[in-house]
Amino acid sequence: MKGLLILENGARFEGDLLGTVEGLGELVFNTGMTGYQECFTDPSYEGQILTLTYPLIGNYGANDLFMQNRKPAAAGYVLDQIADHPSNWECKEKITDFIERYHVPCLYNVDTRAVTRMVRTQGVMKAIIVSADRSEEFIQAELAKPLHRDQVERVTTAYPYTYGNGKYQVSLLDCGLKKNILVSLAANDCTVHVFPAHTSAEELLAGNPDGIFLSPGPGDPKDVPYVVDTVKKLIGKRPIFGICLGIQMLATALGGHTFKLPFGHRGSNHPVKDLRTGRVYITSQNHGYAISDEGLPDSIVVTHRSVNDGTIEGIRHKTLPIQAVQYHPEASPGPKDNFYLFAEFTKAMEEFKK
Ligand SMILES: NC(=O)CC[C@H](N)C(=O)O
């Protein structure tokens with residue numbers, strides 16, 4: 001069936017609809033050449049229509065092993081060519097079967113690079129994926145609907161659970177967790193106690209954890225003031241490590257501000273400089289907001305910056321064992337060069353114990 005991607009600014013892109021599901025979301029793009037299933041299941045895409053710029057998707061199939069959460073979170077996918085005959089030793093099913101099983105709106109055979117150029121020049125905006133025979137009234141009515149802003153509530157865990165069996169006890173506040181964070185923490189000798197986003201600071205500290213972990217998650221950090229309040233109460237109590245939404249909530253809790261980037265950072269080869277060593281790391285990223293340099297509190301030291309646009313990619317607290325990054329050290333589209341940050345977290349917990 002023919003379908004359309006229609007943007008808020010009136011632009012239209014034609015393609016083929018996989019199945020019959022339609023959807024509304026904020027249109028973003030990711031430039032990674034691999035990792036499509038990890039992107040599809042990253043909860044931080046909740047409410048967003050994800051365009052993949054790489055022109056061939058599904059060539060190595062799908063496998064539940066690659067899932068970063070229980071189910072896909074994005075409001076839709078915009079893809080170019082889909083591989084009909086995947087080939088890989090880990091392939092368990094075709095990516096089309098995976099997408100259809102979860103009823104995610106998906107438009108393919110789209111010129112995704114043209115879509116990306118539009119978003120790069122005009123910024124992220126609302127868009128819909130619809131069947132090509134929809135009336136103009138239907139399209140305009142759909143596009144006029146507001147995007148929901150309770151993304152964190154939609155993806156956080158419904159109940160607490162524990163992962164791993166290591167020496168360090170970590171309380172993790174789940175705002176949209178990716179499985180590889182649990183795997184990375186467990187690999188660094190941690191037992192991770194995962195809690196829903198609305199858990200209070202008292203409950204997070206009740207089990208006398210060695211450290212606190214603040215997860216990534218979807219949406220604008222300004223939409224989760226209750227989590228920022230929780231984070232405020234945790235400051236100074238234990239070593240804290242945060243990733244992505246985690247760094248944004250930490251910076252806000254310390255008195256800083258965030259702002260929306262014109263088209264975000266989403267891809268797997270974003271260069272980031274560790275200002276402490278001068279070394280540049282190739283990182284995986286997925287964020288639409290960043291910490292503002294303006295009004296940065298004195299207690300925050302900037303440790304990492306994006307080489308592409310100079311925005312803040314890592315911070316630490318001047319005196320307390322608090323550290324966070326905007327990119328995804330748990331994701332390894334290639335070399336595992338960012339895993340050292342998890343070891344720094346366990347070192348902070350070890351020193352705090354003394
Ligand atoms: N991956 C994330 O945690 C993203 C954080 C936030 N939702 C942003 O887009 O900036």
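Author: A closed barrel of seven strands, with mixed pairing, is formed in the order S1-S2-S8-S6-S4-S3-S9. From one strand to the next the twist averages 35 degrees. This is a predicted model, in which local features need pLDDT of at least 70 and side-chain atom pairs count only at pLDDT 80 or more, while totals for chains, interfaces and linings use all residues. Residues are numbered from 1 along each chain as its sequence is written. Helices (H or I, at least four residues) and strands (E, at least two) are DSSP runs, numbered from the N terminus; two strands pair if DSSP finds at least two bridges between them.

Strands S6 (residues 76–78) and S8 (residues 106–108) run parallel and are joined by two bridges. Tyr77 has Cys106 in S8 as its bridge partner.

Helix H3 (residues 112–122) packs on the sheet and touches S1 (2–7), S2 (12–17), S3 (23–30), S4 (48–52), S6 and S9 (125–131). Contact here requires C-beta atoms, placed from the backbone, within 7 Å. The direction of H3 makes about 90 degrees with that of S3; axes are lines fitted to C-alpha atoms, for helices over the stretch in contact, and angles run from 0 to 180 degrees between N-to-C directions. Helix H4 (residues 136–144) lies across S1, S3 and S9, at about 145 degrees to S9.

As for the record, an unreviewed UniProt entry annotates residues 1–130 as "domain: Carbamoyl-phosphate synthase small subunit N-terminal". In the model, that span is 18% helix and 32% strand, and its end C-alpha atoms lie 10 Å apart.

Conventions:
Two residues are in contact if their C-beta atoms, placed from the backbone, lie within 7 Å. UniProt positions are given in the numbering used here, feature names are shortened, and annotations may be inferred rather than shown by experiment.
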